[in-house]
Amino acid sequence: MKVFGHPVLLCLLALSPLWSCGNPDYDVSKGVDREVTLFSDEVGVPLGDIAPITLKSLFEGAGIGSAITMVASEDEDGYLVIEEDKSFYNNYTMLLYSSMPDPTAPGTFAVDDYEGTLGSNAALLAAFGFAMSPQSFCLYATNPLTEEIAVSGKVTLSSMELEEAPAETLVSEEYSALKVPAAAQKEVFFSVERSGGKTFYACKLDNMKLHLPADMLTKDTDGGMGMFELGYRYKGFAQLASDFPAPIPIDVNDLSLPLAAYRVKEARIRAEISSEIPMTLEISSLKALVKQTDEDGNTTLVPAEGVRVSADISVASGTYGNPVVSPVELLIEAVEGTIPDIDGLQLEVAIKAPTGEGDRRMNMNETISFNNIRTTISGGITLQGNE
Amino acid sequence: MNKILILILAALVPAAGIQAQSTGNPAENAALESGFLRVGDFSNTLRNNVGAASFLFHSGGKLVTGLHSSISDEEFLGGLKPVNSLYSQIDYNLFSYGWKGTARGYHTVEVGLRTNYGVSVPKEVFQILKSGTSQSPYDLSSFRAFGNLFAELAYGYALPLTDALSLGGRVKLLAGLNSVDITARQFALAASEDKYTLDIDADIDLTNRNKKIGVDDEGFLDYTSFSGKGKLGIPSGAGLALDFGLVWKAFNGFSLSASVLDMGGILWYYGNAGLSSGTYTFEGLEDLSTDEMEQDKLATKIKEAGEELLRVIRPKSLDGRFRLKGLPLSAKLNAAYALPFWERLSVDASCLYTGYRFCAPYWEARGGLSLDYPGLCSLAVNAGGGAEGFVYGVAGSVDFLAFRLYARYENGVGGVIPYEDIPLKANHKLFRIGLVYLIK
């Protein structure tokens, strides 16, 4: 019975398994709060690149594509231009022949003076700071004869008359006996080109004379039914010459970012924007919108309180084929607590004249790319687990 | 008197037996004078270097996980180890027979089964989840998962060289039944807001004793289809392991037992072998057009990115291969001194070292007391510290007629989750019970 002589030791031995008994403080059967906050310091996530977006698709995406094409057109190289092609005089050889005092001798025929408009739509664009540059004006003629003719006259090109700026004569040139080759079809015999300056708006064609050869009928392969034609062409390339008069407000009403459930405190989005578009774009104001329901149950979007949205977004102007890269950053942070659901954005975009040198013509094929878009979320992302 | 009896029984029920008829140090059998027949020995070992309390916390009167916002980074991550491991081993000795040879040696033969499994997760995984990616890059190559099942056929021989010194050895033929092993040589993650880069070079090896995993058109292992039988049938591996030990009774009452166990391994045939290899870089969704900014199209893009990732992670099927996998190697040292004024009571000191290929080694050192009444019972208690903190153990045996029932129980402190038995702290836990028929 000596083995029973050490009751204290045996008691300890008997009790020892109790040390591994369940700890009621950790009774998971009573439930564990499964809410987790991940990445509480910060986590960076690359979001990707948005492929080059052409100016054309940008306009269309913004819903102003059709408006643009009503005002201006796209030439064969994609440039946004305003063009005018006006045939202002047409006459048959036979009629000219019969109107000449002595058709057997060379003679001069006076064409009626003409006044017309050129880039009438340019005035609409000018209201937004667009100018036509470079712009060109030319006179052309069609000669149905087998012998050359000549044309003389005076061209006056003037700007548009505005309240604060009366019409200004921009070009006034006389030309004398400019030759038009035999059988020429819309042969340009006079042209003017300007870079910068005001937009040509009106043209006035004075003292135009056709210097015709003798015996025209014998030199008309159509037997007198050949047609003389005089006309002009105007082409102006649109470019932003001065800042838009006011920022453009843009409301994004269908955003629906369900951020509240994730209890995010701060999200920073960065990217490099590569732009060929010859205009500077700046976000001048940016507000997050949240839904608010009034007593009648009507829902409206109102600026979110407690959320600060700051944007350092200034997209520098580039030129076609020579994009300029601008780093941009958007910060959404909760002033207090966490960021709520964001249902919309209210922003204002200031469009400014391009800076730097280079071709500033607007080309519908110019692109803007959003590269290396990435986000850094600070303060964690909270997920509610199911109990 | 009755209380004392109850206490004794209470101590013995979960307790473990003293190592007579040893399955540990083979040299200890040299002292046996008669034969034995072991008719069953079950042992379950569980080691974890982190406990549930490293993942569950009290906050605001409730239990929360370490990822809860009320738990600081330091509070959660500070309680984790660089490599967080769980290891479990079950040994089932089906049959052992020992007999005294015609010479001085003692022979044993043993047949048993062993299964073990383990998983290791690097701290960086939790660091990313808790803190984010600011500490990038991350080395996740310590991630590991494995499991093995094999049979043992052992022959042991113990020889008393002198009255003071005995040597013993055991050779174990191992028959591999099933094995799975996921090992990463390279598993690196670099994460920034610009890009994520995953560089992986990992093997997955699975024996195909019964079925072979299918292979899809692109050569990836397809876990949804199985076909045919494995090339080797049963077993899937073969191996050899050796145990060595000595017992040195330096002077009267003092004995030193030293052993090295499980030196060896199994050459497995992994009929289902796969390799995950490559570098995946995610720099966001590329070349999104404005048309694709709609939710469903974005989801398609994200799915495509996920498929690219899977092409790197999913294991490519390889030809079946042989792999030599070592057993966890253990070294044990035990010193006992029978008190001169009462020789039935011994003072013990022991230490144990077990090395693993996949995680930090386990070690412990203990001191204890043993009470031995040959032919009646024995009782031992010990306590100490080690890799998983404080450990204690009780062991005992009861002789009844020609049978000896023995049991051992080892544990740490810290408790468990109620009803779940998941330890709250880093822990070493062992439960062993066996029955021996003593041949007189």
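β2(A) and β15(B) pair in the parallel sense over two bridges; two strands pair if DSSP finds at least two bridges between them. Strands are DSSP runs of E with at least two residues, helices runs of H or I with at least four, both numbered from the N terminus. The model is predicted: local features need pLDDT of at least 70, side-chain atom pairs count only at pLDDT 80 or more, and totals for chains, interfaces and linings use all residues. Residues are numbered from 1 along each chain as its sequence is written, with chains lettered from A and ligands numbered from 1 in the order in which they are written.

**Exercise 1.** Determine the strand order of the open sheet of six strands and account for its edges.

*Solution.* Step 1: the order is β17(A)-β19(A)-β14(A)-β21(A)-β2(A)-β15(B), with mixed pairing. Step 2: β17 (307-312) of chain A and β15 (285-288) of chain B each have a single partner strand, so one side of each lacks a neighbour in the sheet.

**Exercise 2.** Identify the partners of I50(A) and I53(A).

*Solution.* Step 1: I50(A) has L288(B) in β15(B) as its bridge partner. Step 2: I53(A) lies opposite I368(A) in β21(A). Step 3: β2 (residues 42-54) and β21 (residues 367-378), both of chain A, pair in the antiparallel sense over nine bridges.

**Exercise 3.** Describe the side of chain A that touches chain B.

*Solution.* Step 1: 50 residues of chain A are in contact (C-beta atoms, placed from the backbone, within 7 Å) with 55 residues of chain B. Step 2: on the chain A side, β2(A) gives the largest share, eleven residues.

Key. Contact = placed C-beta atoms within 7 Å.
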